[in-house]
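Biologist: Before we talk about the labels attached to this model, I would like each one set against its definition. Could you take me through them in that way?

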Amino acid sequence: MLISLPADTAPSTMPSSSTSSSEPAPGGRDEGTSSADPLLVAAALEIGHDGAAILPPMDLRIERGTFWAIIGPNGSGKSTFVRTILGLDRPIRGAVTRAPDLRAAYMPQQATLDPIFPIRVLEFVLMGRIDRRRVAPQPRAVGGSGGAGAGGGRAPDHGARGTHGGLMGPPSRDDLQAARAALRDVRAAELERRLLRDLSGGQRQRVLFARALAADANLYVLDEPTAALDIATEREVLGLISALRDQRGASIVMITHLVDDGLSRADRALLLDRDHGTTLVGPAAEVRSAPELLRLYSPLHGHGPGPGPAEPPPSPPAAPVD
Amino acid sequence: MPTDTPTFADFLANWPIFRDAVLTGAFAGALLGFLGVQVVLRRMVFASSAISQAAALGVALSFWIPSVIDPVGHAAAHSGNPGVHSSIPLLFDPVVWALGTSLVATLLFTVNPVRWRITGEGLLGIVFLASSAFAVIIGDRLTQETHDLAAILFGSAVVVRRSDLVLVTGAMVSLMGLHILFWRPLIFVAFDPVAARVQGLPVGKLNAFVFLAVGVGVAFSTRALGALPVFAFSVLPALAALLLTTRLSLVFALAAALGAMSGAGGYLVSFRAETPVGATQAALAVAVLLLASAWRTVARTLARSRGAAASASSSPTG
């Protein structure tokens, strides 16, 4: 079921309407997960700035192992939504409830990183391993990272094994292994010693994604992870993101402008349209064919929704990781 | 008439007299140079200037308030040696007040100023200007300690107290040690605070540690050296180190070394050239920065010419 708010009401004056959706994801993606145990629940959530809501209230549940695509035009509130559910911004109204075991990793847009810092690629990816919530050793066998490459959809499992060095001292050997494995997965191993600021846009994007991969998270929040990538690398990265869900059981929240490729891989979608005061939440396939989406993207964008998935989902894992 | 210019031999012969001042200058330079990397990378260069001015205001208040509360006792306490405050109660010790006002300024910087509709830069300017203005106004009201205050504001103090050396040494060891211990999260928080918060790092506490470290380092050093060299040490060695290397850990080490060199070397040069100590220390830090810039230019030119030669030799002839 797809629920939409009326589009003719000013965003800041429509607190009476709300969106709610708890539909199971297509393809049985939600099977095996407890609907009573979501990673994150937003109830009557209103997001905005300076006390003013920019979108109507919304209700949604991010279940474990689901892939969410957040779409909408520039300035529609996508980043504000993400910041709010992560607890970086306060909701204007409503509430966000996070599971006690929520461990999020965040991939920012590269423009937010200050080039004055002489940070090397390996140092940067190792930042993904710094997490005070996880210092206990995990008795998990360490498999080889292999070299299947990003496009194969191989399980990027290095974040979920080994031990973190914690907040103090140098990175552990496991941290280094995980960081290097993540770099190999995004085909950026040769960049290890380069300065992040010296990389091209596409290289930097891959390294940003490698840091997210290296983290031991159960929720990956990715802000336009395929921006500045060529089409082949874009598909590879999307394959890796899907594999995070399929093989590690992680949830994904991805801000994207890739209506075709992004929505075809996602289980659920949230369309934000600040100009029309619309939030649309539901199964990705339904959002993909919703008139609100067509209105936004079809006339202007070559990325408009097409007839079907752009690429088959990645192959199932050879062995479960989690 | 021949001038009697002091020589390095004179300096060495009187080393016990200068030892504390030279060591304090070196240790303060090392601490501020080290912390200055965070200051520069976080683009808050003006913060150390504002904090050092706040520390100077604190010192001025420590002189002025007792003179208002108990003018007779205050004058008696300073009648023997105006520069010595051993008979002043701890409550009015200049270091205590410098620390207090520095920490107040530091705490202001940990607050997000957007809620007051001003930018971070604007907040720095307000603290700097308010501290400077009130320090000058209060200095004008003082009669006994005008020379002391001028020394603190402009860094012309020649002799430092043993307690200053102890405080600066303690601050250097503890603050640099803690910084090295929590090196990775501190860099992470400075570089990508949003991702650090998402990963559960205590971003507010780590930022507060950096600001407090700068505040404490500036407060102790300002009392000992003066505001001018303190501001110079917390900016210039870091800039020089960033020109000389792109390895971040080496940047911190190099900045500390260059800061120490400017602190101790500035004292030595001022002795030899008979120039004001604080200004000479700051000028030496500037000279180090210029040398680093020249070195980088030469190194880049050489690398480019080597690259051009290599490509010329590898390209097919004819």
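Biologist: Why are H3(B) and H6(B) called roughly parallel to each other?

Modeller: In this predicted model, the axes of helix H3 (residues 45–69) and helix H6 (residues 120–141) of chain B come within 8 Å and cross at roughly 25 degrees. Axes are lines fitted to C-alpha atoms, for helices over the stretch in contact, and angles run from 0 to 180 degrees between N-to-C directions. Angles under 35 degrees count as roughly parallel, over 145 as roughly antiparallel, 65 to 115 as roughly perpendicular and the rest as oblique, and H3(B) and H6(B) are therefore roughly parallel. Their crossing is left-handed, a term used if the near helix is turned anticlockwise from the far one by less than a right angle, with right-handed for clockwise.

Biologist: Which residues make the contact, and how do they divide by class?

Modeller: Among them are Phe46(B), Leu57(B) and Trp64(B) of H3(B), and Leu124(B), Phe128(B) and Ile138(B) of H6(B), where contact requires C-beta atoms, placed from the backbone, within 7 Å. The residues of this contact divide into 15 nonpolar, five polar and two charged; Ala, Val, Leu, Ile, Met, Phe, Trp, Tyr, Cys and Pro count as nonpolar, Asp, Glu, Lys and Arg as charged, and the others, Gly among them, as polar.

Biologist: How many helices and strands does chain B have?

Modeller: Chain B has 15 helices and zero strands, whereas chain A has eight helices and 12 strands; helices (H or I, at least four residues) and strands (E, at least two) are DSSP runs, numbered from the N terminus.

Biologist: Why is Thr279(A) counted as buried?

Modeller: A residue is buried if 20 or more other C-beta atoms lie within 10 Å of its own, exposed if 12 or fewer, and partly exposed in between. Thr279(A), which is found in strand E12 (residues 278–283) of chain A, has 31 C-beta neighbours inside 10 Å and therefore counts as buried.

Biologist: What makes strand E11 (residues 268–273) of chain A largely enclosed by the rest of the structure?

Modeller: Six of the six residues of E11(A) are buried, so the strand is largely enclosed. Both faces are covered, with Arg268(A), Leu270(A) and Leu272(A) buried on one side and Ala269(A), Leu271(A) and Asp273(A) on the other.

Biologist: How do you know that E11(A) and E12(A) pair, and which way do they run?

Modeller: Two strands pair if DSSP finds at least two bridges between them, and six bridges join E11(A) to E12(A), which run antiparallel. The two form a hairpin with four residues between them, and Gly277(A) in the turn has a positive phi of about 60 degrees. Strand E6 (residues 67–71) of chain A is joined to E11(A) by four bridges, and these two run parallel. Leu271(A) stands opposite Ile71(A) and also opposite Leu280(A) in E12(A).

Biologist: How many residues of chain B touch chain A, and which elements give two or more of them?

Modeller: In chain B, 19 residues are in contact with 23 residues of chain A. The elements that give two or more residues to this side of chain B are helix H9 (183–191), helix H10 (193–198) and helix H14 (248–273). By class, this side has 13 nonpolar, three polar and three charged residues.

Biologist: What conventions apply to the numbering and to the confidence limits?

Modeller: Residues are numbered from 1 along each chain as its sequence is written, while chains are lettered from A and ligands numbered from 1 in the order in which they are written. Because the model is predicted, local features need pLDDT of at least 70 and side-chain atom pairs count only at pLDDT 80 or more, although totals for chains, interfaces and linings use all residues.
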